[in-house]
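Please keep the display open while going through the points.

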Amino acid sequence: MTAAQFEVRVEANRRLSGGYFLLELAAAAPTPVADAVPGQFVMLRGEWGRELLNPRAFSILDAPDATRFSILAKAYGEGTRRLKRVEPGDRLVTTGPLGAAFPRPVAGVRDLLVAGGVGLPPLHFYARMAQRAGLSGHVEMYYGGRDRDDLVLLDDLAAWGVAANLATEDGSAGVRGYVTAALSPRLDAAARSGEVVRVLACGPTPMLAAVRRLVLERGVQAYLCLEENMACGFGVCLGCAVPVYGAKPYRYCCTDGPVFDAREVRWP
Amino acid sequence: MTEGIDLTTSCGPIALRTPILAASGCFAYGQQFAAFTDLRALGGISTKGISPLPRFGNPLPRICETTGGMLNSIGLENVGVEAFLRDKLPFLRDLGVSVWVNFFGVDFETYVDCARKLGEGQGIDALEMNISCPNIKKGGIEFGTVPEVAHRLTRACVEVSRVPIIVKLSPNVSDIVAMADAVQKAGAAGVSLINTITGMAIDVRTRRPKIATTYGGLSGPAIKPIALRMVHQVARALPDLPICGMGGILSGEDALEFLMAGAHCVQIGTANFAEPGACVRVTEELRALLGTLRFPSVRAAIGSLEAHAAEPEHLVESPWSGG
């Protein structure tokens, strides 16, 4: 699937709890983002003039038809602050779909989807695709955030019949603690029963590092969806290097990833 | 009207179909852009900097955005001269655009070695010698900042090169004309002006520099006024030295400013990241602008800058100054 650069219009900017916003975007004609799969991303840029040059990368939350897709984000820096303020009708330039996706479901292997905060979109998309394929029972969601407000789009999971195991740092929803607190007993139970599970995770780097330690200790297969600063998103700026084990010390978040095998990532 | 405008130009002995080239480090080896834009519409491509051996680049984070620009410290990551000639050059050659291979070494011998080895490649129109990258630790600084050293290095590379050498100068010097003069006298066919300006940004939340190597190269429209000033200074002082201008070009108007200041052609760098079709758009904008301003050709615009008329002295003199 070849990426393209095209213009989209904002159809809706939904404000969610916890400072999250969900942008529903539509192009005038079918785009290759229609064929995007969970883990892939787009670069988005508004009419930002000369002050703010580069687009920002967003994991695709959904691509319901040939012309539309959506992203979920939180304001962090100047680019996301500006995107949070967009209104229906505003124009954005999109490049995508970019990057390598999570692996597809495998018969006999249960997928544990592990999301932390802003890392929800690719796993929410994965759960949605599983539901569309009649595989809701194949996936379980492990979803952590700061507090109850930091967990969004829970209604979707309930509607799809996807089990959601929540964790919050203040204990206002689910277990108290990080998402790994919910995940690790599940991995232990699978090990005891001989059930084959696989972990697909996305979230802040410290969370992914913790998930990686958990799965490596237990020999569980896992894929991590990473985030790095990137100027282009298509393998040119070389800004988004990811430290890996192997012949070369770095691979690229944008073209080799953003999804990497947890064993490959070279983190302490 | 604009259809008839002659976009051809040259940078010394290098003939160009248009004055717009893609800048080194911002276009990789070209392939990634084929999906987005018509590469054959470019005047040329300057490749990612090539060294004799492959380099893996710097630790993370390598880039960050700043007002009107970005800092990078990629660390001259590249595939090395051997893999470049084998895997990357054929694609570029087949495009039919001017192919400039940007290259560097880590010391005197490796620079010369790289220039010689690149001579084995077919379809290279020029070598762009990078003596100005701020992102290598070893020795690099002297090549780009001391005129005598730049002169010696340029002369040695010119002697072994089969194609013209354009020297890409560092703006991180106090006298850019002295550097340009030194490399011209050593046989450079032209100069590329300017490379990135060293800069820094800090994340106050983590109290760390925003890039791992602390300092990086600033590019983008933030540096355009400095780049223009340096192009103009060199063009005025050394009228016979062809200049390829660059630094924050985002539009046809930006490109025309560089041409008016005395550049014979320009490169577009940072703009390619956000907009892979930037070079082609800028070319069309330049064509339209030349038409609007009644320039029949790119060549007519080069160095067409007019000085402000000096004010008559009697008006400048203050009536209160006495005497």
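Predicted model: local features only at pLDDT ≥ 70, side-chain atom pairs only at ≥ 80, totals over all residues.

1. Chain A contains five helices and 15 strands. Chain B contains eleven helices and 16 strands.

2. **Overall form of chain A.** Chain A has 268 residues and a radius of gyration of 18 Å. A compact globule with that number of residues would come near 18 Å, so the value agrees with the rule. The C-alpha trace spans about 55 × 45 × 35 Å along its principal axes.

3. **Overall form of chain B.** Chain B has 323 residues, for which the globule rule gives a radius of gyration near 20 Å. The chain has 20 Å, which agrees. Its C-alpha trace extends over about 70 × 50 × 45 Å along the principal axes.

4. **Burial and contacts along the sequence.** In chain A, 57% of the 268 residues count as buried. In chain B, buried residues make up 57% of the 323. Now take contacts between residues at least 6 apart in sequence. In chain A, 64% of these join residues at least 24 apart. For chain B the share is 73%.

5. **Surface and charge.** The accessible surface of chain A is about 10,800 Å², and carbon and sulfur atoms hold 50% of it. Chain B exposes about 13,600 Å², with 54% from carbon and sulfur. Chain A carries 30 positive and 28 negative charges, whose mean positions are 3 Å apart. Chain B carries 28 positive and 31 negative side chains, and the centres of those two sets lie 8 Å apart.

6. **The nonpolar cores.** In soluble globular proteins, nonpolar side chains tend to be buried together. Here the largest nonpolar core has 138 residues.

7. **Val199(A) and Val197(A).** Outside its sequence neighbours up to four places away, Val199(A) touches residues including Leu112(A), Val114(A), Leu187(A), Val211(A) and Tyr223(A). Val197(A) belongs to strand β11 of chain A, residues 197-202. Is Val197(A) buried or exposed? Its relative accessible area is 9%, so Val197(A) is buried. Beyond four places in sequence, Val197(A) touches Val109(A), Arg110(A), Leu187(A) and Gln221(A), among others. Val197(A) and Tyr223(A) are 26 residues apart in sequence and 12 Å apart in space, C-alpha to C-alpha.

8. **Leu214(A).** Leu214(A) sits in helix α5 of chain A, residues 205-218. Its relative accessibility is 13%, so Leu214(A) counts as buried. Apart from neighbours within four places in sequence, Leu214(A) is in contact with Thr180(A), Leu183(A), Ser184(A) and Leu187(A). Between Leu214(A) and Arg14(A) there are 200 residues in sequence and 35 Å in space, C-alpha to C-alpha.

9. **Ala75(A).** Where is Ala75(A) placed? Ala75(A) lies in the loop between β5 (68-74) and α1 (78-84) of chain A. It counts as partly exposed because its relative accessibility is 34%. Setting aside neighbours within four places in sequence, Ala75(A) is in contact with Gly19(A), Phe21(A), Thr80(A), Arg81(A) and Lys84(A). Ala75(A) and Tyr20(A) are 55 residues apart in sequence, yet 7.5 Å apart in space, C-alpha to C-alpha.

10. **Helix α7 of chain B.** This helix runs over residues 252-261 and is mostly covered, with seven of its ten residues buried. Among them are Asp254(B), Leu256(B), Phe258(B) and Leu259(B). The cover over the buried residues of α7(B) includes β3 (20-22), α6 (224-237), β15 (243-245), β16 (265-268), α9 and α10 (298-301) of chain B. Just after α7(B), Gly262(B) has a positive phi of about 125°.

How values were computed: Residues numbered from 1 in each chain as written. Chains lettered and ligands numbered in written order. Heavy atoms only, no water. Helix = DSSP H or I, 4+ residues; strand = E, 2+ residues; numbered from the N terminus. Rg over C-alpha atoms; globule rule 2.2 N^0.38 Å. Buried < 20%, exposed > 50% of the residue type's maximum accessible area, 1.4 Å probe, protein only. Contact = heavy atoms within 4.5 Å. Areas by Shrake-Rupley, 256 points an atom, 1.4 Å probe, with all protein chains shown as cover. Lys, Arg positive; Asp, Glu negative; His and termini not counted. Charge placed at Lys NZ, Arg CZ, Asp CG, Glu CD. Core = buried A, V, L, I, M, F, W, Y, C linked by side-chain atoms within 4.5 Å.
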